[in-house]
Amino acid sequence: MVVIVDTITNPLRPRHPEKVNRPDAASPPKPDWIRVRAPSTRSYADTRNIVRANGLHTVCEEAGCPNIGECWDKKHATFMIMGDTCTRACAFCNVKTGLPNALDAAEPEHVAEATAKLGLAHVVITSVDRDDLADGGAEHFARTIRAIRAACPSTTIEILTPDFLRKEGALEVVAAAKPDVFNHNLETVPSRYLTVRPGARYFHSIRLLQRVKEIDPAIFTKSGIMVGLGEERHEVLQVMDDLRSAEVDFLTVGQYLQPTRKHHAVMRYVPPAEFSSYEKVAYTKGFLMVSASPLTRSSHHAGDDFARLKAARAATAR
């Protein structure tokens, strides 16, 4: 496991101190199909103001999501709890790394308040990795779910969690809070883990998703990967099989985009036709829902996708 210990107290500390001395990794120019408009609408500004007023972080901003303009214009935001600093040092991620601050005990209520102000019918909650906490932040996730249920009883809740590696009993705490969707991303194929996701373990993540179904089969499970990191097609298809063996319901496949030149390079921009092919294959393997496109992200169109996910389960039960 790679855990970052932050000893830099300078307020001008780099966002990714572990990457500062790495040589630049050049990616090819972006193709036309990957470009998006800069955010500029009034609704976007309103969403940003609500996030700021409640002192919250969003993965939309921290991870540099290309869909932020579209989502925030619709007042859809993915809240990132437990601070803005991650204890892992993944090669693909733009979230700040270092030693995080203590948890904010009032954060679950702030998230619930923001959910109510935005009028969200479906909310997505994610977090940084908190390897410094005994339970990896599991109880904080559970408290956040309960706070949203109390403030917004009709809102459906999707969570995107860390892997809780070596945190005995953590998963059970989160699952007991009964989110509607439990998402944990594999991020890439097993052969790329050492360079892309060195702090994680592929089969632990598969087992995590499988365990959710064992605890509560009613919870929808979801996972996603990025392509363009040097994986082969047959490896992507094997990931699909592994996820279906764990009874995962929903798969997302999106294009990896390099946040800075110090991050892992884009090895290839996968054309839209290939994403369409992955989607078709994934449906034949039994997923209830598949979203595969260059700009697909875990929480993009999450509310609409959840409605389709429920409908697909109902259709198979007839």
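**Figure 1. Residues lining the largest cavity of the predicted model.** In this predicted model, the largest cavity is lined by Arg 88, Asp 129, Arg 130, Asp 131, Gly 136, Pro 162, Asp 163, Phe 164, Leu 165 and Lys 167. The volume of this cavity is about 40 Å³. When the whole structure is searched, one cavity of 30 Å³ or more is found.

**Figure 2. Helix H8 and its buried residues.** Helix H8 comprises 14 residues, 202-215. From the first C-alpha to the last, H8 reaches 20 Å, which is close to the expected 20 Å at 1.5 Å a residue. The buried residues of H8 are Tyr 202, Ser 205, Ile 206, Leu 208, Leu 209, Val 212 and Lys 213. These residues lie on the same side of H8, because the arc they cover around the axis is only 155°. An α-helix has 3.6 residues a turn, so residues three or four places apart point the same way. Among the elements that cover the buried residues of H8 are the helices H6 (170-176), H7 (193-196), H9 (233-245) and H11 (302-317). The cover also includes two strands, S7 (181-183) and S8 (220-227).

Figure 3. Helix H1 runs over residues 42-53 and has twelve residues. Its reach from first to last C-alpha is 16 Å, close to the 16 Å expected at 1.5 Å a residue. Within H1, the residues Tyr 44, Ala 45, Thr 47, Ile 50 and Val 51 are buried.

Figure 4. Ala 282 belongs to helix H10, which spans residues 272-284. With a relative accessible area of 0%, Ala 282 is buried. Leaving aside residues up to four places away in sequence, Ala 282 touches Met 240, Leu 251, Phe 287 and Val 290. Between the C-alpha atoms of Ala 282 and Cys 152 the separation is 34 Å, and these two residues are 130 residues apart along the chain.

**Figure 5. Cysteines of the model.** The structure contains zero disulfides. Cys 93 takes part in no disulfide, and the nearest cysteine sulfur, belonging to Cys 90, is 6.4 Å away; a disulfide would require the two sulfur atoms to be within 2.5 Å. Cys 93 is partly exposed, its relative accessible area being 24%. Cys 152, by contrast, counts as buried at 8% relative accessibility, because the cut-off for buried is under 20%.

Key. Residues numbered from 1 in each chain as written. Predicted model: local features only at pLDDT ≥ 70, side-chain atom pairs only at ≥ 80, totals over all residues. Heavy atoms only, no water. Buried < 20%, exposed > 50% of the residue type's maximum accessible area, 1.4 Å probe, protein only. Helix = DSSP H or I, 4+ residues; strand = E, 2+ residues; numbered from the N terminus. Expected span 1.5 Å × (residues − 1). Arc of directions from axis to C-beta. Contact = heavy atoms within 4.5 Å. 1 Å grid on protein atoms, 1.4 Å probe; cavity = no way out; pocket = protein on both sides within 12 Å on 5 of 7 lines; lining within 4 Å. Points joined across faces, edges and corners; volume = space filled by probe spheres on them.
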